[in-house]
Amino acid sequence: MITASVAVPRPVRRLFTYSVPPELASLCRPGVRVLVPFGHRRVTGYLLEIGEGTGPGGDYALKPVEEVLDPAPVLDAAILALTRWAADYYLVSWGEMIRTALPGMTAVLRKVVTVTPRGRHALESGGGILLDASLPPVARDPIARDVLGILVQFATEPPSGLPIEELKRKVGPRMKPSLLSRLRREGLIELVERSASTGPQPRLEQEAALTEPDDAAGEKRGGLRRLGRRQESILSRLAEVGGRESVSGLLKATGATRGALRGLERRGLTSVRSIESPRRPATLDLSPAPLQSVTPTPDQEAAITTVRGLLAENRFAACLIRGVTGSGKTEVYLRCIESVIQNGGRALYLVPEIGLTPLLARRLRSRFGEVLALLHSGLTEGERYDEWRRIRDGRVKVVLGARSAVFAPLPSTRLIVVDEEHDASFKQDEYPRYNGRDLALMRAKMSDAVVVLGSATPSMESYRNALQGRYRLLTLPSRIGAAGMPVVERVDMREEFREVGREMVLSRRLLRALEERLARGEQSLVLLNRRGFSTFVLCRSCGEAIGCHRCTITLTLHLRDQHLRCHYCDDRRRVPAACPGCGSGELHFGGTGTERLEDLLRTHFPKARIARMDRDSMSGRGSMERLLTRVEEGEIDILLGTQMIAKGHDFPNVTLVGVLAADAQLGLPDFRAGERAFQLLAQVAGRSGRRDRPGEVIVQAYHSDHHAIRFAAAHDFEGFANKELAFRKVMNYPPYSALSLILVRNRQAGRAHEGAAAIAGLLRRIAPKGFQVMGPAPAPLEKLRGEHRVQVIVRAANRRMMQQTLSVMLEELERRSSRVENLAIDVDPMSTL
Ligand code: ADP
Ligand code: ZN
Ligand code: ZN
């Protein structure tokens, strides 16, 4: 007997063996998706290996593969190896990791009904008193007999069957819902799940073509009855466009009807067939950016030469380019990609935000032409599928995408670029929580490729790797152009308060600077990393803040839509007139978010053109791009917003950046708080002043002498990194250790605590030396969407020890089949909040 080893996307970390029915044997090849029974359901599984002989427990114990969903393998060796490694590292099942690597490619199931041999027998043995005594009374029911009759007629052989909705339609309203379950219980029918669709399909369109060269057709035409005017125009249009065109395009161009075209088909003058019409992401059709031919600076040249040298060696190597904002890192990436293509290789280019892809796509297209593909979650399912196949079939040389593009089936990948490698967006914040940057390194290692990481503010992990010589460190220390780095001034808001005598949102210094920019016709950015109008609502009478009833978090007032909103679960409610706790009407709306800041700026500068960019104002598709274009074209004087304004945009006319509450996140109990604050400041400061225009940055904070703020103000990454790494070392935080967060969620607080305590107890028992278990303790966000959250933080001397110990823990749990419900493990968490 032939067997198949299958990975299923369920949280069980082993493979399952199925039998292969003879009729599917030729289709069952490693790398195809299959539909298999799993528990009481059918799931899309991934066939990994074909075997011979019996499964555990003998032939009879094996369930069969029910359908093969792909005509050809969708998983190649490189992706299989990468997903396998990632599954082990992030402690999920291989099937779950593969599903992540094939987004959208899951079969859609529907229930179909088939008639059993016993059901057939019941129908044939006649109804009423003629019914075979061995059959149940329900077989006498006339409606039941109709059902069986319809099934025999339309669902002759399994595996076909009739979809349940269709059966209901055919039988009509006479059929009670309970009838099907009765027939099923008596073994007269069967209900099974089948794939209604195997996932996205190629899009087809009809194409019309001239059957013969134009002059031959002309002769033939002469001998026939006269053609209609529209038919004549169809033929001349086709001759004009080279003999073939899509039917819809053709009819539109000529104004002819489908009937006219059919007439031509009947005479053998034209033919129509289905061809694939690939869906194209709109971004790929944006006009290519004007090609600038720049001469690399000596620093760029050195970096390019180093990467080229590494590429020539055809083995794994990693580089970290630390280049200040505007130092020309992109140019370095592009030149490296260029030499990869020249040598017959291909390259992956990962960016953290899909908002950055349009600009970059235009640049890449002007440089490399049609060989670019896009892969990110902003594409429609169909677009993504078509891009995915273009990539797999080797029709592109460069793939630009977000983190999931690390799984792109790009053959002979020689180079992987990870821009803004420090960015938290590379970590998927849902299950499975993989880091695209780290997987890029692993992918390169597995295929002897080169990785280029780039950032103005590298992560402490990557920087330490570079310091230790594991990555080649390349530095671009200065900006392109004469202007140099912006001047950063810190404003201590404690002093401001003392001098002004009241709480200020915008310091006098910043107001003056904004005024100057308006007078000079230059642009300004103002960053405040908090959405909404006021950030908390407090009762002056009882002192309670109004919180979300599902999360332990205070609600934010959004004035535009007159609601209080929870920024975690997005629950919203009307603004109350009185305190829900004590009924007092004395509510205080405190704290400033971007909405209130916008109002304030409008009051101060009524004539200025002001725009806000945050998640609330940028919800529509393409709204961010449109706003960025307006800023670029000088239609906005002041752009304010959350961290969204800090990322990668190149605004030549911005000469001032204001940062409010720069220390807001420094108080958070998270070991990366300082790193995050430094990165955000350095990134947003990088938006000020470009080329020949010097920029200015004004940073407001209560603790303006925190080292993250001080070093960011001095553009001193190395100074910050030294201090930060020393702190991490003393505290034994990553990169000096490996950290994981184990979270147990439950609607009942007691169950969550029990589960987490069981995990912590087990871990303490199996912990090797150097493995530390902290907790269980309530997570900083104790309740979220009505679920209580209890966490255990574990620390290991290194990542290998982490992986091994947690793996033993999961095996132990599986062995004892003491499943802890809603257990989530976050390996290498971006934050411990
Ligand atoms: P980064 O990615 O490091 O922030 P970019 O690659 O976006 O910087 O470069 C900033 C600007 O400088 C871009 O407009 C780019 O076209 C330009 N630029 C890059 N390299 C050069 C060069 N060697 N000579 C002139 N201009 C350059
Ligand atoms: Zn109250
Ligand atoms: Zn909530």
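The largest cavity in this predicted model has a lining of 13 residues, and those nearest its centre are Val324, Ala456, Met485, Ala682 and His715. The space inside the largest cavity comes to about 150 Å³. By residue type, its lining is made up of seven nonpolar, four polar and two charged residues.

How many cavities of 30 Å³ or more does the structure hold? There are three of them. I will cover one more.

The second largest cavity contains about 100 Å³ of space. It is also lined by 13 residues, and here Ala101, Pro103, Leu375, Arg384 and Trp388 are the closest to the centre. Which helix gives the most to this lining? That is α14, residues 381–392, which supplies four of the lining residues. The lining of the second largest cavity has ten nonpolar residues, one polar and two charged. As for how such spaces are found, rolling a probe the size of a water molecule over the atoms shows where empty space is left.

Now the metal. Ligand 2 is a zinc ion, and four cysteines coordinate it through their SG atoms: Cys539, Cys542, Cys579 and Cys582. The distances run from 2.3 to 2.4 Å. Written as a sequence pattern, the donor residues of this zinc ion follow C-x2-C-x36-C-x2-C.

What is the geometry of the zinc site? It is tetrahedral, with angles among the four donor atoms of 103 to 115 degrees. For reference, the ideal angle for four tetrahedral donors is 109.5 degrees.

Are Cys579 and Cys582 buried or partly exposed? Cys579 has 6% relative accessibility, so it counts as buried, because the cut-off for buried is under 20%. Cys582 has 39% relative accessibility and therefore counts as partly exposed, since that class runs between the 20% and 50% limits.

Last, the chain as a whole. It has 833 residues, and 52% of them are buried. The secondary structure consists of 25 helices and 33 strands. The C-alpha trace spans about 100 × 80 × 65 Å along its principal axes. On contacts, take those between residues at least 6 apart in sequence: 75% of them join residues at least 24 apart.

To recap, we have a zinc ion held by four cysteines, three cavities of 30 Å³ or more, and a chain of 25 helices and 33 strands.

Key. Residues are numbered from 1 along each chain as its sequence is written. Chains are lettered from A and ligands numbered from 1 in the order in which they are written. This is a predicted model: local features need pLDDT of at least 70, side-chain atom pairs count only at pLDDT 80 or more; totals for chains, interfaces and linings use all residues. Side-chain values use heavy atoms; hydrogens and water are left out. Donors are N, O and S atoms within 2.8 Å of the metal (3.2 Å for Na, K and Ca); water is not among the atoms, so sites may look incomplete. Four donors count as tetrahedral if all angles lie between 85 and 135 degrees; four count as square planar and six as octahedral if opposite donors are over 155 degrees apart and all others between 65 and 115; anything else is irregular. Buried means under 20% relative accessible area, exposed over 50%, partly exposed in between (1.4 Å probe, protein chains only). On a 1 Å grid over the protein atoms alone, a cavity is a set of points where a 1.4 Å probe fits but cannot get out, and a pocket is an open set with protein on both sides within 12 Å along at least five of seven lines; lining residues have an atom within 4 Å of a point. Grid points are joined across faces, edges and corners, and a volume is the space filled by probe spheres set on the points. Ala, Val, Leu, Ile, Met, Phe, Trp, Tyr, Cys and Pro count as nonpolar, Asp, Glu, Lys and Arg as charged, and the others, Gly among them, as polar. Helices (H or I, at least four residues) and strands (E, at least two) are DSSP runs, numbered from the N terminus. Contact means heavy atoms within 4.5 Å.
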